[in-house]
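Student: Hi, could you walk me through this structure?
Tutor: Happy to, let's have it on screen.

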Amino acid sequence: MRQFINYDKSLEILNNIKLPQITTEKEFLINAIGKVIASDIIADHNSPEFPTSGMDGYAIKHEDQTLKTIKIIDKNPAGTVVESKVENGVCIKTFTGSLMPQGSDTLIPIENVEVNGDEITIIKEVPFGFATRAIGENYAKDEVLIKKGTVVGFAEVGVLASLNIAQIPVVVNPTVAIASTGSEILDLGETQTNASQIRSSNHLTIEALCKKAGASTLQLGIVKDDIDSITNMLKTALSKSNIVVTTGGVSVGDYDFVQDVIKDKLQAEVLFHGVTIKPGMHLLAAVKDGKTIIALPGFAYSSTVCAILYVLPLIYKLRGSNEKLPIVKARINENFPRRMPKTVFTACNVEYTNGEYTINFDGKKKGTSAILTNMLESPALLIQREDSEDIKKGDLVDILLLNELK
């Protein structure tokens, strides 16, 4: 008899899989967007390297603000190094981004002075060091600016450019092969020939999740329910990818051949087959030649939830990224009794109001694990642990923010 394990145990098993060593490549800065940095980025200089003006104004000695007038002795445009020095009683007109002249310690903005010929009169004083960027204000030499495992975005590009770094080491994205099995399902564009046929969305939904998580994908489409077709598909997938994801064929029906091929034809090492979760209890995970196989149930909502829970963390790990599933606390607006001894993931609506997340179930349909429309709009998954008590209105609960998935 098949042995079911609980949700936490299944995560522990997957987390302990020995994955192949991460490979890296050099990538030009702008082409690295969305990829994971493979080593710490450390500043090789201070920024700024010298005290710098943060606005247009007059470089002065702070103590001189008590003087009736201060003489202008020079101009200091950005991009030049002025040779004049600021001493008591004199100032230098200085512009945004210019080096602060020697002897100055404060910048008085132009709107705080009246100019009369070659003199200024201060009409509003400023604190010591005002509008003066200190050495290392942006970053200091030897500071770790971007940590290994960070996904490159616009801010990282900007910082790397300021460091004059044109190429960076990034992790080569893992490849996920995806297929849906079932003789009753149709791919996009295929014509329905009898009433029992249904349109498959699973393979495309999962591909979208994997792409968003940063993986490369190999779309294998629809595979019919026969041993040879499924065997050939899995062999191809294993030869060309790091992770293989299938939907359908893992339950207890006469035509659920995926589990048979994985166990018997491929002789893969089955990590688990059956988890006490809802949806997705017949989930199967296996490894073959260093590749991971995740065989998901066929219903759309079920396969999508399980892909989020099991496939996305594998992608994060293979990318060496710091990403985690976005699980947060939220306040529930109604009673939610415990109905079964399983970890249950229930679609809900989430809002962020008055400094906290709140959830409700308005418009969410009840039924089978095929209702993918429950994930539209502002969705989250309420996580109800198998050993939890009945949830009461107003309780803080764990939710997974679907619109915050990486």
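What follows is a chat about helices, salt bridges and a few single residues.

Student: What should I know before we start?
Tutor: This is a predicted model, so to speak of local features we need pLDDT of at least 70, side-chain atom pairs count only at pLDDT 80 or more, and totals for chains, interfaces and linings use all residues. Residues are numbered from 1 along each chain as its sequence is written, and side-chain values use heavy atoms, with hydrogens and water left out.

Student: Which residues of helix 1 are buried?
Tutor: Tyr7, Ser10 and Leu14, in a helix that covers residues 7-15. Buried means under 20% relative accessible area, exposed over 50%, and partly exposed in between (1.4 Å probe, protein chains only). Helices (H or I, at least four residues) and strands (E, at least two) are DSSP runs, numbered from the N terminus.

Student: Why are those three on the same side of helix 1?
Tutor: Because they cover an arc of only 60° around the axis. That arc is taken from the directions from the helix axis to the C-beta atoms.

Student: And what do they pack against?
Tutor: The partners of the buried residues are strand 18 (269-273), strand 19 (277-278), strand 20 (284-288), strand 21 (291-296), helix 6 (300-319) and strand 23 (343-353). Contact here means heavy atoms within 4.5 Å.

Student: What caps the N-terminal end of helix 1?
Tutor: Asparagine 6 does, with a side-chain oxygen 3.3 Å from the backbone nitrogen of aspartate 8. A polar contact is a pair of N or O atoms within 3.5 Å; within protein, one must be able to donate a hydrogen and the other to accept it, and residues adjacent in sequence count only if both atoms are side-chain atoms.

Student: Where does arginine 2 lie?
Tutor: In the segment before helix 1. Arginine 2 is partly exposed, at 24% relative accessibility.

Student: Let's jump to helix 5. Which residues are buried there?
Tutor: Val258, Gln259, Val261 and Ile262, within residues 258-265. Their cover includes strand 13 (175-181), helix 4 (227-240) and strand 17 (243-247), along with strand 18, strand 20 and strand 21. Just after helix 5, glutamine 267 takes a positive phi of about 50°.

Student: Now charges. How many salt bridges does the structure hold?
Tutor: Nine. A salt bridge is a side-chain nitrogen of Lys or Arg within 4 Å of a carboxyl oxygen of Asp or Glu. Side chains of opposite charge can pair when their charged atoms come close.

Student: Is alanine 43 buried or exposed?
Tutor: Buried, at 2% relative accessibility. Alanine 43 is placed in the loop between strand 2 and strand 3 (52-53). Not counting residues up to four places away in sequence, alanine 43 touches Tyr139, Ala140, Lys141, Asp142, Glu143, Leu145 and Leu163.

Student: And serine 98, where is that?
Tutor: In the loop between strand 6 (90-94) and strand 7 (106-109). Serine 98 is buried, with a relative accessible area of 1%. A polar atom of the serine 98 side chain lies 3.5 Å from the backbone oxygen of proline 77. Leaving aside neighbours within four places in sequence, the contacts of serine 98 are Pro51, Thr52, Ser53, Asn76, Pro77 and Ala78.

Student: Great, thanks!
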